[in-house]
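Q: I would like to learn how to read side-chain and helix packing from coordinates. Where do we begin?

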Amino acid sequence: MERQYSSNILKAIETSVQPDGYVPTGLYDFKTGKQTSSGLDEYRTNCDWENMLLAYPTELFQPKHTYVQSTLKHIRKNYAEGIMTYRHGEFLHQYITANLIEQYMVAGDSRQALIDFYHLILHAGSTHEGFENMIFPWKDRLVDPRCPSPHAWAAAKTAFLIRNFMLHEYGGHIENASERDLYIYPVVSPAWAIAGKHLAMVNAPSEFGRITSRLDFTKNGAILTYSPLYNEGQPRSVRFRIPYFKELKSFKTDASESYIEDNCIVLSPDFTMLQIQWKEVKLVHKGTFAELLKAYRSCDSFGGPDEKGYPRMIPGKAFLLEDEDPSLVEPLNFDLVKKAFVKEFNRRTSNRK
């Protein structure tokens with residue numbers, strides 16, 4: 001039954017996918033706009049929603065498949081304030097951004113995952129409380145009372161995303177346990193990987209049992225300890241992804257089997273210790289602030305409906321002002337993202353009365 005269902009979904013995707021690889025929201029012809037409800041313009045329908053869930057958790061396609069990457073690129077074009085929008089850019093949509101972050105996560109693009117994650121929590125409170133939509137981009141923080149915050153699912157999505165940054169399961173098309181891997185600390189920020197600091201989890205639940213682990217950062221590497229309480233089944237392997245800003249020099253482990261694949265150190269599930277030596281990737285932090293600003297400005301924006309009720313999109317274009325130096329070397333962190341957001345917000349609102 002599962003194979004038949006997957007086959008039908010894949011057939012529908014192949015039928016509906018656009019020439020550039022974008023997978024649209026509907027996998028068949030359907031009515032939109034005023035055909036479905038009086039007064040409902042076209043721009044209020046057929047919105048990107050969960051059509052990006054192609055690699056995680058569905059595992060329909062490999063993370064770097066054209067359909068996955070093209071769909072992410074298509075949706076990003078309608079981002080605003082660093083997060084996803086709804087109704088073709090009319091409103092911000094906070095928590096659905098987590099769906100895209102997870103696609104970047106499994107593709108190994110931890111830098112983009114972190115950028116979007118920092119914007120996600122920038123639009124939330126201290127306990128992950130967020131909103132759904134009905135907030136106009138680059139205007140204010142006022143939520144429409146018909147769609148009030150805090151939004152419970154927004155908090156749940158954020159909490160689960162943070163969990164996935166610490167550990168997540170992947171592979172085997174979900175149901176095949178013999179091909180299921182456990183990724184541990186798959187997304188690490190430059191702000192965390194500082195000598196003397198550490199990441200840790202105690203009895204963290206996973207599909208394979210409870211996981212206790214600690215990742216201690218040293219001057220030239222890291223030490224990972226691992227103490228699982230497996231259930232009857234074990235992961236096929238435990239994978240540690242090298243952070244995007246580090247270059248692996250060497251590693252030592254007590255695992256009975258270990259090797260490098262897709263920039264991950266792949267370990268047999270019997271390991272308890274991993275010692276890593278790495279070095280900084282040259283110029284990896286150059287222009288981070290400028291890139292954040294250009295990303296805001298390269299997105300299209302909603303210009304209202306046209307005469308037929310379809311969304312009129314205003315093309316974005318990446319640019320920098322004279323005082324925005326692309327040669328600055330600044331590691332990615334939450335404060336830098338906040339600084340970039342505030343600068344762009346002030347630029348866009350400075351002429352308003």
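A: With the rings. Searching the whole structure gives 17 aromatic pairs. Keep in mind that this is a predicted model.

Q: Where in the fold do Trp49 and Tyr86 lie?
A: Trp49 is in the loop between helix H1 (2–16) and helix H2 (66–76). Tyr86 belongs to strand E1 (residues 85–86).

Q: What kind of pair do Tyr118 and Phe334 make?
A: Apply the angle test again. Their planes stand at 65°, with the centres 6.2 Å apart, so this pair is edge-to-face. Tyr118 sits in helix H4 (residues 110–122), Phe334 in helix H7 (residues 334–349). The pair ties together parts 216 residues apart in sequence.

Q: Which residues do ring pairs link into a cluster?
A: Follow the pairs from ring to ring. Phe117, Tyr118, Phe165 and Phe334 are linked this way.

Q: Where does a charge sit over a ring, and how far is Lys339 from the centre?
A: Look for a charged end above a ring face. Lys339 has its charged end over the ring of Phe289, 5.0 Å from the centre. Lys139 lies over the face of Phe136, and here the distance to the ring centre is 5.2 Å.

Q: Now the helices. At what angle do the axes of H4 and H7 cross?
A: Compare axis directions, then the distance between axes. H4 and H7 cross at roughly 70°, and their axes come within 9 Å. The two helices are therefore roughly perpendicular to each other. The crossing of H4 past H7 is right-handed.

Q: Which residues make that contact?
A: From H4, Tyr118, His119, Ile121 and Leu122 take part. From H7, Phe334, Val337, Lys338 and Phe341 do.

Q: How do H2 and H3 pack, by angle and distance?
A: H2 packs on helix H3 (residues 97–106) at about 140°, with axes 11 Å apart. H2 and H3 are therefore oblique to each other. H2 passes H3 in a left-handed crossing. On the H2 side are Leu72, Ile75 and Arg76; they meet Leu100, Gln103 and Tyr104 of H3.

Q: How do I read a single residue? Is Met105 buried or exposed?
A: Met105 is in helix H3. Its relative accessible area is 2%, so Met105 is buried. Leaving out residues up to four places away in sequence, Met105 touches Ala113, Asn164, Phe165, His168, Val187 and Arg241.

Q: What separates Met105 from Phe160 in sequence and in space?
A: Count both ways. Met105 and Phe160 are 55 residues apart in sequence. In space, the C-alpha to C-alpha distance is 13 Å.

Notes: Residues numbered from 1 in each chain as written. Predicted model: local features only at pLDDT ≥ 70, side-chain atom pairs only at ≥ 80, totals over all residues. Heavy atoms only, no water. Phe/Tyr/Trp six-rings, centres within 6.5 Å; stacked < 30°, edge-to-face > 60°. Helix = DSSP H or I, 4+ residues; strand = E, 2+ residues; numbered from the N terminus. Lys NZ or Arg CZ within 6 Å of the ring centre and 35° of its normal. Axes fitted to C-alpha atoms, helices over the stretch in contact; angles between N-to-C directions. Parallel < 35°, antiparallel > 145°, perpendicular 65-115°, else oblique. Left-handed = near helix turned anticlockwise from the far one by under 90°. Contact = heavy atoms within 4.5 Å. Buried < 20%, exposed > 50% of the residue type's maximum accessible area, 1.4 Å probe, protein only.
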